[in-house]
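Subject: Structure for your review

Dear colleague,

Please find the structure below, handed over for your work. My notes on what was found in it follow.

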Amino acid sequence: GCHSTGPRLSIEGCCSFATQSSKSEFLDRARQAREERQGSREKERCATQIQALVRRFLCRCRLQKQLRKEVDDYFQTSESGTTKRNALSIFKIARKLLFVYTPEDKLRFEKLCRAILTSMDVENEPKVWYVSLALSKDLTIPWIKQIKDVLWVCCQHLKKLKPDILQDNKLVTLYLSMLVSFTDTCTWRLLRGKGEALKPALTRICENIMGHLNQKGFYSTLQILLTCGLARSRPSLSKGTLTAIFTLSLRPVIAAHFSDNLLRSFLLHIMSVPAIVSHLNTLTPECMASLQTHDMLRKFILFLSREEQCVDICVCLEGSHTLCLLGNLIHLGFLDEKVLEEEANHFVKDLTDMLSYCQRYVSQKKSNLTHWHAVLGWFSQTVDYGLNESMPLVTKQLQYLWGTAVIRTLFSDVLSKKLESQEPSPSAQQPSTSQNNLPVKSLFKRAFQKSASVRNILKPVGGRRVDSAEVQKVCSICVLYQTALSTLTQIRLQILTGLTHLDELLPKLWAFICELGPQGGLKLFTECLNNDTEESKRLLAMLVLFCDCSRHLITILDDIEVYEEQTSFKIEELLTISSFLNTFVYKMIWDGILENAKGEKLELFHSVHGWLMVLYERDCRRKFTPEEHWLRRDLKPSLLFQELEKGKRRAQLLLQYIPHVIPHKNDGYDQLRRLPSNSIKGVIRVKFVNDLGVDEAGIDQDGVFKEFLEEIIKKVFNPALNLFKTTSGNERLYPSPTSYIHENHLQLFEFVGKMLGKAMYEGIVVDVPFASFFLSQVLGHHHSSFYSSIDELPSLDSEFYKNLTSIKRYDGDVGDLGLTLSYDEDVMGQLVCHELIPGGKTMAVINENKISYIHLMAHFRMHTQIKEQTGAFIRGFRSIINPEWLHVFSTPEVQRLVSGDNAEIDLDDLKKHTVYYGGFHSSHRVVIWLWDILSSDFTSEERAMFLKFVTSCSRPPLLGFAYLKPPFSIRCVEVSDDQDTGDTLGSVLRGFFTIRKKEPGGRLPTSSTCFNLLKLPNYSKKSILRDKLRYAISMNTGFELS
């Protein structure tokens, strides 16, 4: 029968689906199987690789172990002496050790080095010598490679060793011996006898070895070793070690025939080691001889004379190490005078360039970008503090630059000028005596006699061409020292002291300056002010150096050295110099140069002005210049004050910096006194109360204040009160150190300061002679950089000053005197010890600190002891007198402001400004007699006594009697003071017509000093007037006698 197709189709569909599903599963299984097989293969590959690495590692370990064992066995067998080493066996064992070498093998490497060195010392056995392999045809190249590797491992070890550790020091010696042995053929026994012919070839091998080491960093290794061993307070390198290192450092330079590349490396790495030249000179003179043999200093100088080379060196080293290189070069120059003399120009240029590089990074103050350096001060480059311990030695090297030997060499052109003859000074044999009061005229005469025979150039003469080689050389040298002064900030005083040590340098430099240009120094230098050329700057640097050094010299010299011994400068030279400086500073100010000055111009001004003011203040204290020496005749005071009123800057600067050029003895003085102030001080009204408590009537307000002031002065300045004391000798006043016995002594000092200020403000002169050191403090001079305590000491105690300065001149050991840095004082019966510095009473005064002791003692006596009293007085004084008003006056001028002029009393001026009362008039016979007696019969001392009798002050007012307040008055009196009722009609008529009630011959003249009033009886005879007046003034009668 027939079969249906439906079910069959259904079965086929199911089969088809099943087939597709099976295929997918099959493919998945196949993929999985494939991935599994691939994973297995990867695992197998990795396992094989790991096994290979492990096998390799294990094999290497076995090999290394085996090789190390062979090395150990070799050295053990050799040490036991059972077998004899030969060169080939050492080569093979070295190859094995180098193949497996790690830092753990340092002991084996040490043995290898010892074996190699031992082989080189064996006598007459070429096969044992390690170096003999260099001659083997097959082994030459492998041997060279091996020795290069061995020596570089030595270098790597040397970098890490500390020479101050004993064990390390032994290894340093070992590795250096290796380097020394194989960088030169000199120790090779191979070359003895017939082997000499091999030397050129073997030398080339050594040069090849050194070239390899240089590329790897040979000089850096030596630098690290040298710095580690020498940059410390005490070097840890022995003579042999230092010799070896320096020998090694020099060999590549010599081998390269002093090429620039090797010279650069030597300068950067060896010559920059702190004080290496100092250590070489001390420990190994042979090395210093080697440097001189190869003329290394000249080569260094010429290499650095090329600007790009010098800059490269400085940039690579930076400031700290540049300074070390500088010190070493200077030390070499000091040791090799011949080269220094021959290459002076290049040497000076090199040092100037290096200092100028450092100067760029010298800062005036601390900041986040600066670091402290012991020589440079605040420095804006990184400071290597590891060099700190060696800085004293570096500083000592730098000091050679301003030492006598180098100065004589560099300044030979200046010093060769003959200023002195062989004639002895006539006054040299005269004993020195105190000449504080020596008249100026006799001082000039004496000074001229002393120096006329020994000096032939004192004033500007001109004639030397500025563009000559000699002048340019001196300018360059001055620029060098000026750069050193502004760069080496922490040893500036040392430099100045060194430059002034040679007594003849500064006078001869002044003579040199006087010869510059066609008309002498002044005209040339004033022209330079308006030029910004390089030549002008160099010439001005010479002037700056001269001024800085001279100022320093005069500051440290005492009066005996300046005036009597005339150390360095003669008095005539100081006159010429001061005139030059005065003119130069005046022109800088008046020509408007100072207003816009900055940088070098400003530095120039401060240098010249500083030297000028030191001379001026010395002259104020003890005269050496003629009258009106400091004045500018071409300056009209009227013009100056017009400009001051208009606020012109140059007039203000003139008044600020050189007020002494203004002629004070004319209207200018008065105008200065009347300069507008911030506030007008009020009138002081005074009322006296008598014993009954009743107010006394005052005739005149000015007079009553003057009387009040006189009463105060009479009391407070009386030494018996112990508020003020008098100096020994000239009895001038200064605050008493023991014034504290008064409970309110500081308030009293402040009050006295106010009263004195008020008197000065009102123009009232008072006879109060102050010690000049005290007035200097009132003026604020002690804060000036020009101030010297020791110079002011004679104004306090001349005997004490002599004793102190005798210590300075003491030739023996000052320690034998048993002094300490303290001062013992008898205070009201008790001995009190004052320490000049903390712990001073336990510190002995020795030769090294005797100058400090002198200055500390002077400062203590004049400042520390009376600091509080002086401060209180100044506070009171300055509350009335603006300190800026007094800035224009010197100390002697301020004393004249206080006490009046010390000139002869001008009777014509006094007569012209006298007021008459009680019937007296200028034609009255008694008045005529009075003026005639004063001019003809009285001495100048008696005239001063007369003035003091009437006004309470023996000196005339500074501006003349027109400014005496109240005005000088003479009054005719007929009765005693207690019966005097003033000017009545009767008394006036009687006085005018010379009518007397009775002969007043028994009465004395009297005075009212508070009113500057002379009360004169109407005497009948001139002789009676003369005798009575002389008796009255000699008894200092005043108003209390009648």
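With which residue does Lys623 form a salt bridge, and how far apart are the closest N and O atoms? The partner is Asp619, and the closest N and O atoms are 3.3 Å apart. A salt bridge here is a side-chain nitrogen of Lys or Arg within 4 Å of a carboxyl oxygen of Asp or Glu. Lys623 is partly exposed because its relative accessibility is 31%, whereas Asp619, at 2%, is buried.

The model is predicted, so local features need pLDDT of at least 70 and side-chain atom pairs count only at pLDDT 80 or more, while totals for chains, interfaces and linings use all residues. Residues are numbered from 1 along each chain as its sequence is written, and side-chain values use heavy atoms, with hydrogens and water left out.

Salt bridges

Side chains of opposite charge can pair when their charged atoms come close. By the rule above, the count comes to 45 salt bridges. Lys96 and Glu70 meet in one of them, at 2.4 Å from N to O. This pair links distant parts of the chain, with Lys96 in helix H2 (residues 87–100) and Glu70 in helix H1 (residues 6–80), 26 residues apart. Helices (H or I, at least four residues) and strands (E, at least two) are DSSP runs, numbered from the N terminus. Lys96 is partly exposed, at 28% relative accessible area, and Glu70 is partly exposed, at 25%.

Another salt bridge joins Lys948 to Asp767, with the closest N and O atoms 3.3 Å apart. Lys948 belongs to helix H42 and Asp767 to the loop between helix H32 (745–762) and helix H33 (772–779), so the pair ties together parts that are 181 residues apart in sequence. Lys948 has a relative accessible area of 34% and is partly exposed; Asp767 is also partly exposed, at 27%.

Aromatic pairs and charges over rings

Rings of Phe, Tyr and Trp (its six-membered ring) are taken as paired if their centres lie within 6.5 Å; planes under 30 degrees apart count as stacked, over 60 as edge-to-face and the rest as tilted. The count by this rule comes to 37 aromatic pairs. Phe525 and Phe580 form an edge-to-face pair, 6.4 Å centre to centre with 85° between the planes. Since Phe525 lies in helix H23 (residues 521–529) and Phe580 in helix H26 (residues 571–590), the pair ties together parts that are 55 residues apart in sequence. Phe525 is buried, with a relative accessible area of 0%, and Phe580 is buried at 4%.

Phe946 and Phe968 form a tilted pair, 6.1 Å centre to centre with 50° between the planes. Phe946 lies in helix H42 (residues 940–951) and Phe968 in the loop between H42 and strand S8 (969–973), so parts 22 residues apart in sequence are tied together. Phe946 counts as buried at 2% relative accessibility, and Phe968 counts as buried at 0%.

One aromatic cluster is formed by Trp510, Phe525, Phe546, Phe569, Phe580, Phe584 and Trp611.

Charges also sit over rings, by the criterion that NZ of Lys or CZ of Arg is within 6 Å of the ring centre and within 35 degrees of the ring normal. Lys299 lies over the face of Phe258, 4.6 Å from the ring centre. The charged end of Arg622 sits over the ring of Tyr563, 4.3 Å from its centre.

The surroundings of Trp152

Trp152 is placed in helix H4 (residues 140–160) and counts as buried at 11% relative accessibility. Leaving aside residues up to four places away in sequence, Trp152 touches Lys159, Leu213, Lys216, Gly217, Phe218 and Thr221, where contact means heavy atoms within 4.5 Å. Trp152 and His212 are 60 residues apart in sequence and 9.0 Å apart in space, C-alpha to C-alpha.

Yours sincerely

Terms used:
Buried means under 20% relative accessible area, exposed over 50%, partly exposed in between (1.4 Å probe, protein chains only).
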